[in-house]
Amino acid sequence: MKIKIIPVENQELILLTEKIAFEIWREHYASIITSEQIEYMLEKFQSAEAIAGQMSENGYKYFLVNDNSGGVNGYFAVSGQEENLFLSKLYIHKNSRGKGFGKASLSFIKDFAKKNNYKYIWLTVNKNNLNSIEAYKKMGFVIDCEIKQDIGNGFIMDDYKMVLAMAPQASSSARAAQKFRGEG
Ligand SMILES: CC(C)(COP(=O)(O)OP(=O)(O)OC[C@H]1O[C@@H](n2cnc3c(N)ncnc32)[C@H](O)[C@@H]1OP(=O)(O)O)[C@@H](O)C(=O)NCCC(=O)NCCS
C-alpha cells in the first residue's frame with residue numbers, strides 16, 4: 001500500500017481536515033470523555049477556523065494521510081518548539097487503523113524532525129486512550145510524565161506526555177525521558 005502525505009495548504013484542505021477530525025473524534029472519544037467535552041474541544045481546536053489560526057499564528061503544519069484509493073484516512077499536525085517537535089495530533093480513521101497509516105505518518109514526522117534538527121518528538125495523550133498509548137509505545141514513545149491542562153468551561157485534559165528521542169544513543173526509555181526533562 002502506497003501511503004500519501006498531503007500538506008494542508010489551502011481552505012479546501014482545511015475544510016477537509018475539519019470534516020475528518022470531527023468524524024474521528026466523535027467516534028473515538030465517545031468512550032473516553034463526555035460528548036460535551038468532545039464538542040467543546042472540536043470547536044476550540046479542530047474547527048476550520050481554529051486550524052487556520054494554529055497554522056498562521058502558531059506555526060502548526062497539518063497533513064492529510066491517504067492511500068490513493070479516494071477519501072482521507074487520517075491526519076496529523078506538528079509544531080516546532082525550540083529543539084523539540086510537538087506532535088499535536090495524529091488521528092487515523094477507525095476503518096484504517098492497524099494498517100500502517102500511523103507508522104507511515106510517524107516515519108514522515110521523524111524525517112521532518114531529522115531534517116530540522118529536532119532532538120525529541122513529544123505528544124500528549126489522554127490517560128484512558130489505552131489503545132493509542134500502546135500503539136505509541138510500539139512506535140518508540142515512552143511515557144515521560146502526567147500532564148493536566150485546564151482548557152476552560154470546566155473541562156480538563158488529563159494526559160500523559162510521551163516522548164521519542166531522535167538520537168539513537170538517547171533512545172533508551174529512561175534516558176530519553178530524563179534528557180527531555182533537561183535532567184540528562
Ligand atoms: C494511535 C494511532 C494513530 C495508530 O495508528 P495506526 O495506523 O492504527 O497504527 P499502525 O497500524 O501504523 O501501527 C503502528 C504500530 O502500533 C501497533 N499498534 C497499533 N494499534 C495498536 C493497539 N491498539 N494496541 C497495540 N499496538 C498497536 C502496531 O502493531 C504497530 O506496531 P508494529 O510495527 O510493532 O507492528 C491510531 O490507532 C489512531 O488514530 N487512534 C485513534 C485516535 C487517537 O487516539 N489518536 C491519538 C491521539 S493522542
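This is a predicted model: local features need pLDDT of at least 70, side-chain atom pairs count only at pLDDT 80 or more; totals for chains, interfaces and linings use all residues.

Q: Which residues come nearest to the ligand?

A: Out of the 20 residues around the ligand, the nearest are Arg-97, Gly-102, Lys-103, Asn-131 and Glu-134. The largest share, 5 residues, comes from α5.

Q: Okay, let's zoom out. How many helices and strands does the chain have?

A: There are 6 helices and 7 strands. Read from the N terminus on, the elements go β-α-α-α-β-β-β-α-β-α-β-β-α.

Q: And what about the overall build? What is the radius of gyration of the chain?

A: The radius of gyration is 16 Å, close to the 16 Å that the globule rule gives for 184 residues, so the chain is as compact as a globular protein of that length. If you want dimensions, the C-alpha trace spans about 45 × 40 × 35 Å along its principal axes.

Q: Now the helices. How do I describe two that pack together?

A: You describe two packed helices by the angle between their axes and the distance between the axes. The crossing of α1 and α2 is right-handed.

Q: Which residues make that contact?

A: From α1 you have Glu-18, Ala-21, Phe-22, Trp-25 and Arg-26, while α2 brings Ile-38, Leu-42 and Gln-46. By class, this contact of α1 with α2 has 5 nonpolar, 1 polar and 2 charged residues.

Q: Let me try α1 with α3. At what angle do they pack, and how far apart are their axes?

A: α1 and helix α3 (residues 48-58) pack at about 120°, with axes 9 Å apart. The two helices are therefore oblique to each other. The crossing of α1 and α3 is right-handed.

Q: So where do α1 and α3 meet?

A: Look for Ile-14, Leu-15, Thr-17 and Glu-18 in α1, which meet Ala-48, Ile-51 and Ala-52 in α3. Sorted by class, the residues of the contact of α1 with α3 are 5 nonpolar, 1 polar and 1 charged. Notice that Glu-18 is also listed in the contact of α1 with α2.

Conventions
Residues are numbered from 1 along each chain as its sequence is written. A residue is near a molecule or strand if its C-beta atom, placed from the backbone, lies within 6 Å of it. Helices (H or I, at least four residues) and strands (E, at least two) are DSSP runs, numbered from the N terminus. A crossing is left-handed if the near helix is turned anticlockwise from the far one by less than a right angle, and right-handed if clockwise. Two residues are in contact if their C-beta atoms, placed from the backbone, lie within 7 Å. Ala, Val, Leu, Ile, Met, Phe, Trp, Tyr, Cys and Pro count as nonpolar, Asp, Glu, Lys and Arg as charged, and the others, Gly among them, as polar. The radius of gyration is taken over C-alpha atoms; the globule rule is 2.2 Å times the number of residues to the power 0.38. Axes are lines fitted to C-alpha atoms, for helices over the stretch in contact, and angles run from 0 to 180 degrees between N-to-C directions. Angles under 35 degrees count as roughly parallel, over 145 as roughly antiparallel, 65 to 115 as roughly perpendicular and the rest as oblique.
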